[in-house]
Amino acid sequence: MSLLEVENLTTYYKLKEGYVRACENVNLKLEKGEALGLVGESASGKTTAALSLVKLLPDNAEVRAGKISIEGRDISRAMEDELRRIRWKEIAIIFQGAMNALNPVRRVGDQIVEALRIHEKMPEKEACLRTAELFEQVEIDPDRVREYPHEFSGGMRQRVMIAMAVACNPKIVIGDEPTTALDVMVQAQVLQLLEKLRRELQMGMILITHDLSVVGETCDRVAVMYAGRIVETGPTEKVFENPAHPYTRALIAAFPNIEGKRYLAQSIPGNPPNLLNPPAGCRFHERCSQIIGPCSEKDPTAVEVSTGHMASCHLLGRL
Amino acid sequence: MDINNRGDEQLELLKVSNLEVHFAARQGFLSSLLNKQPKQVRAVDGLDFSIRKGEILCLAGESGSGKTTTGKAILRLVEPTGGEVCFKGEDVIAFNRQRLRRFRQEAQIIFQDPYESLNPRQTVFSTVAEPLEVNRICKNNEQIEERVIEALTDAGLSNPQELFLRYPHELSGGQRQRLAIAGALVVKPDFIMADEPVSMLDLSIRAGILKLMVDLRDQKGISYLFITHDLSLAWLVSDRIAIMYLGKIVELGSADTVIRQPLHPYTRALVSVIPVLKRVMPSDKKLLQGETPDPVNIPTGCRFHPRCPEAQSRCREEEPLYREVMPGHYGACHFI
């Protein structure tokens, strides 16, 4: 039994013009203590997929289908009350803009204490002790609990967000671009911290990012999303060394490798499709350089390339 | 990729010597009542470098290192408080209004975020045509249209006429950045300062924009000051890289040597955290503790010493000289 299992998750956004098919037939699996990277470019549906798990979606979103289970327990039909509990104790989220996620007029420590008192029903004294402990875990001087968010640097604020996310000992932490707005050095520090916490607390982690290297450095498995669908998934090393889908291959080729030769890779021609009216067949076919007959007609099915490494491309079926 | 004729003054397009930009830090009400001297923010604190014709020089460093302020000071969008900037042998600091106006055609900027730097209510045509109209470059509308088409084509936008009446929100991210580049190209500049031109773009679109920048250099001889925090990008496109830390250049050299044989401990740390597509042993990374200090209180001696893994007592007291360590490779550290 996996820690988290997602089957056929489909979420649409309703607009005046119709439905944006942001995320379709997404299947994910996460084991205890495992880190899964969900990569894709902007608007590929990675955040939608992750937020659908805890129904933290805008009002115009509709989760059309999908079964989500945590340790075998189906939560896809959970009501708001239960979701609220799930959101802190089972699935916690670290958001991208740590600058905006903290309340600027309240002391940093109090914001964590409040969360603990509400969700863990802890008495105030105990909650304060726990907050100090959490600060130590994320490597901030516990004496700084009485400071305000503006007194913290960007990296420190992101650490506070991480402390808040792990406050109620969740089973799964979802990081939505947790290092994107940070400096390279701070980014490396934060990634190292996340890795340390994952090991210590045995949490499952889903990292949503557009940065392949973040996945390469920290995740056990990777799922590549394009235009609302997962096109390839598997153990990180396998996918990066032998990418099976043309899109993954192009993405990896576009990544500058300082150990190799200096050359500017070809960019993928065109733009991602409009998801209000996605193209028939494989959603990548309009930009793909190896297009064959069925690409523009039929949806490709996932093919197992090697153990645990799946890709959805018509070319693979032919081999 | 290296330009020959090193040191040939004729080829030097831009020369910056001892450039300084100091700001007065904002004071609290109480300290202003007490008549305290405002503290100085030493954003740029003595830089020396030059850019040759057709060269791409990259300024790299963490946020707060003064990269953008340097770029702005060169174009006099921020007034330098000291030092010299020479453009084609002329002193930029001494330019009067008229000459400055002309200088700002010769030297253009591309900003990081094409979503913010473009006016959402201006069509593609008027965005690109505006610099021509403001500077009265063209005699008639036909000429304007010709130049606009040329700039859009040069920026890699095919079928420019079809785009004329579109608004920025109708374009994709990559197209928007190309539009911003067209706006810079239309006045035929010799020099472009590109401030993080691709950091808002997706990986698959990035390569195209970078390639465009390099192609423009190759075809039109445009020189660039390329500002980025991403060392792998710096290495990919630039001829030389200058690493900045707290308002000073700590190392400068050809792109390959700075990345492959870094001299300064700060560069070595930055290079060790360049993202790669494989699992890196945490011990291989030379993670620096803490973050860049506040430029109001710059540490004594070598400004990097509080974070330097190799700091010794000398570093606390004595500021290292910025000197040529090997031909064309400069550094500022006591132990190189």
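Definition before the helix pairs: I take axes as lines fitted to C-alpha atoms, for helices over the stretch in contact, with angles from 0 to 180 degrees between N-to-C directions. Helices (H or I, at least four residues) and strands (E, at least two) are DSSP runs, numbered from the N terminus.

The model is predicted: local features need pLDDT of at least 70, side-chain atom pairs count only at pLDDT 80 or more, and totals for chains, interfaces and linings use all residues. Residues are numbered from 1 along each chain as its sequence is written, and chains are lettered from A and ligands numbered from 1 in the order in which they are written.

**Entry 1: α4 and α5 of chain A.** I looked up α4 (108-119) and α5 (124-137) of chain A; their axes come within 9 Å and cross at roughly 125 degrees. α4(A) is therefore oblique to α5(A) (under 35 degrees is roughly parallel, over 145 roughly antiparallel, 65 to 115 roughly perpendicular, the rest oblique). Contact means C-beta atoms, placed from the backbone, within 7 Å. From α4(A), the residues in contact include A:Ile112 and A:Leu116; from α5(A), they include A:Ala127 and A:Leu134. I find six nonpolar, two polar and three charged residues in this contact. Ala, Val, Leu, Ile, Met, Phe, Trp, Tyr, Cys and Pro count as nonpolar, Asp, Glu, Lys and Arg as charged, and the others, Gly among them, as polar.

**Entry 2: α5 and α8 of chain B.** α5 (124-134) and α8 (173-185) of chain B pack at about 30 degrees, with axes 7 Å apart. They are therefore roughly parallel. α5(B) passes α8(B) in a right-handed crossing. B:Val124, B:Thr127, B:Val128 and B:Pro131 of α5(B) meet B:Leu179, B:Ala182 and B:Gly183 of α8(B). I note five nonpolar, two polar and no charged residues.

**Entry 3: chain A overall.** I count 11 helices and 12 strands in chain A. Some 47% of its 319 residues are buried (20 or more other C-beta atoms within 10 Å of the residue's own, C-beta atoms placed from the backbone).

**Entry 4: where chain A touches chain B.** How many residues does each chain give to the contact? Chain A gives 33 and chain B gives 33. α7(A) gives the most to the chain A side, with six residues. That side has 16 nonpolar, 12 polar and five charged residues.

Notes
Two residues are in contact if their C-beta atoms, placed from the backbone, lie within 7 Å. A crossing is left-handed if the near helix is turned anticlockwise from the far one by less than a right angle, and right-handed if clockwise. A residue is buried if 20 or more other C-beta atoms lie within 10 Å of its own, exposed if 12 or fewer, and partly exposed in between; C-beta atoms are placed from the backbone.
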